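Here's a quick briefing for anyone opening this structure for the first time. Have a look at it, then read on for a tour by topic.

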Amino acid sequence: MTTTFNNALTDVTGVRVGHATRVGDGFLTGTTVVLAPEGGAVTAVDVRGGGPGTRETDALDPRNLVQRIEAIVLTGGSAYGLDSASGVMAWLEEHGRGVPAGGPGRVVPVVPAACVFDLGRGGDWGARPDAATGRAAVAAAAATDPCSPVPEGNVGAGTGALVGPLRGGVGTASAVLGSGITVSALVVANAAGSALDPATGALYGEFFAGRGPVTYPAPGVHRAASDRLAAATAANTPLPLADPTPPPLNTTLAVVATDADLSRAQAQKVAGTAHDGIARAVRPVHLLNDGDTVFALATGAHPLDAANPLALNEILATGADLVTRAIVRAVRAAESVHGPGGTYLSYSDLYAPPGA
């Protein structure tokens, strides 16, 4: 398994990514759109969190009608932010992209979407992505060149993200298999569980991220970081709610893409196995207050080996590995934020590790 040049979801030819990031004037949120090649791609989903916020995921069931999807929306704003998908839907309709529906120019874009909870976390409770945010994200994706790098960290749907007490965000990774098939992943890491081993300060995902031997922070560095993190967490301003309990900081979203020619059932298996990558990097996962959701997207450019009934296995294993790697990259790329809603510290601020 070799890493491709950009180490990004867009290393699968034809897949584009666009972020719309809203910061300032009370906003700390955003939307990320994964745009398939024109004509769409085989797409599937697997939802394992107990509190998901989704739209149009039933359309991806292999038993149902729609065969190909033009775009996937990942968004902040909790369920309110799902409104961003309507802006993506309008953009696709204007460009004639969607399910044909009875005549020239008549299409119905099916736009699956999933959200993360970031309300009131350094921004105003009512400052959420909307249709205009979704339109900006899909337009940004369409404006990119093929195989463009993908910005990581606190951008798009990862703008207000947390993983446990640490800042989360967007991360991405890719690999080319020995067969020539490309597999890639993009995550929005925003989990109720933690990515950080409290005993050592290492990231759980480092053990599986393909970075070589894990380098543990020095004990003194870890003690100082733990003290800073505990103090910042204790001092954060609670949300103005009747219930003083902090809100659930939930949901890791992922898109695993490949240029393999997969059936819808095979794509759904890829989405399901990719959840293993979340479980390696975040503990615990798939709780009732998580919305963990993974999409799989296959462009169909590279056929599987028809003589090998287990040819899918390498894609399954690699997709999970890349989700782990992307979560590590997301946490490492995140930046601390200081605002009226509190101070949320990043791993790089606390531990100043080498770049991912």
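Which ring does the charged end of Arg22 sit over? That would be the ring of Phe27, with the charged end 3.8 Å from the ring's centre. Keep in mind that this is a predicted model.

- Five strands make up an open sheet with mixed pairing, and their order is β3-β14-β13-β12-β11.
- The edge positions go to β3 (42-47) and β11 (169-176); each has a single partner strand, so one side of each has no neighbour in the sheet.
- Going from one strand to the next, the twist averages 15°.
- β3 and β14 run antiparallel and are joined by six bridges. Look at Asp46 for an example: its bridge partner in β14 is Val294.
- β13 (residues 252-260) and β14 (residues 293-302) run parallel instead, with seven bridges between them. Here you can find Val255 standing opposite Phe295 in β14.

**Helices on the sheet**

- Helix α4 (residues 264-281) packs on the sheet, where it touches β3, β13 and β14. The direction of α4 makes about 40° with that of β3.
- Helix α5 lies across β11, β12 (182-189) and β13. Relative to β11, α5 runs at about 145°.

**The nonpolar cores**

- The largest nonpolar core has 48 residues, and the members that touch the most others are Val256, Val270, Ile315, Val323 and Ile327.
- Which helix gives this core its largest share? It's α5 (residues 312-333), with 10 residues.
- Ile315 is a handy place to start looking around. Setting aside its neighbours within four places in sequence, Ile315 is in contact with Leu177, Ile181, Val183, Thr258, Ala260, Leu262, Val270 and Leu304.
- There's also a second, separate core of 29 residues, and Leu9, Val170, Leu186 and Ala257 are among them.

**Aromatic rings and charges**

- A pair of aromatic rings is described by how far apart the centres are and by the angle of the planes.
- The count of aromatic pairs here comes to three. One of them is Phe117 with Trp125: the ring centres are 6.2 Å apart and the planes are at 65°, so this pair is edge-to-face.
- Is Phe117 buried or exposed? Phe117 counts as buried because its relative accessibility is 11%, below the 20% cut-off. Trp125, at 34%, counts as partly exposed.
- Phe207 and Tyr216 form a tilted pair, at 6.3 Å centre to centre with 55° between the planes. Phe207 is partly exposed, with a relative accessible area of 43%, and Tyr216 is partly exposed as well, at 42%.
- Besides Arg22 over Phe27, you can find Arg128 lying over the face of Tyr80, at 3.5 Å from the ring centre.

- Most residues other than glycine have a negative phi, and most peptide bonds are trans. With that in mind, here are three spots to check.
- Ser78 isn't a glycine, yet its phi is positive, at about 50°. You'll find Ser78 in the loop between β5 (71-75) and α1 (84-94), and it counts as buried because its relative accessibility is 18%.
- What does Ser78 touch, leaving aside its neighbours within four places in sequence? Ser78 is in contact with Cys115, Val116, Phe117, Asp118 and Leu119. Phe117 is the residue whose ring pairs with that of Trp125.
- Thr251 also has a positive phi, near 100°. Thr251 lies in the loop between α3 (219-235) and β13, and it is buried, with a relative accessible area of 1%.
- The peptide bond from Arg283 to Pro284 is cis, with omega near -10°. To spot it, look in the loop between α4 and β14, where Pro284 lies.

Key
Residues are numbered from 1 along each chain as its sequence is written. This is a predicted model: local features need pLDDT of at least 70, side-chain atom pairs count only at pLDDT 80 or more; totals for chains, interfaces and linings use all residues. Side-chain values use heavy atoms; hydrogens and water are left out. A nonpolar core is a set of buried Ala, Val, Leu, Ile, Met, Phe, Trp, Tyr and Cys residues joined through side-chain atoms within 4.5 Å. Buried means under 20% relative accessible area, exposed over 50%, partly exposed in between (1.4 Å probe, protein chains only). Helices (H or I, at least four residues) and strands (E, at least two) are DSSP runs, numbered from the N terminus. Contact means heavy atoms within 4.5 Å. Rings of Phe, Tyr and Trp (its six-membered ring) pair if their centres lie within 6.5 Å; planes under 30 degrees apart count as stacked, over 60 as edge-to-face and the rest as tilted. A charge sits over a ring if NZ of Lys or CZ of Arg is within 6 Å of the ring centre and within 35 degrees of the ring normal. Two strands pair if DSSP finds at least two bridges between them. Axes are lines fitted to C-alpha atoms, for helices over the stretch in contact, and angles run from 0 to 180 degrees between N-to-C directions.
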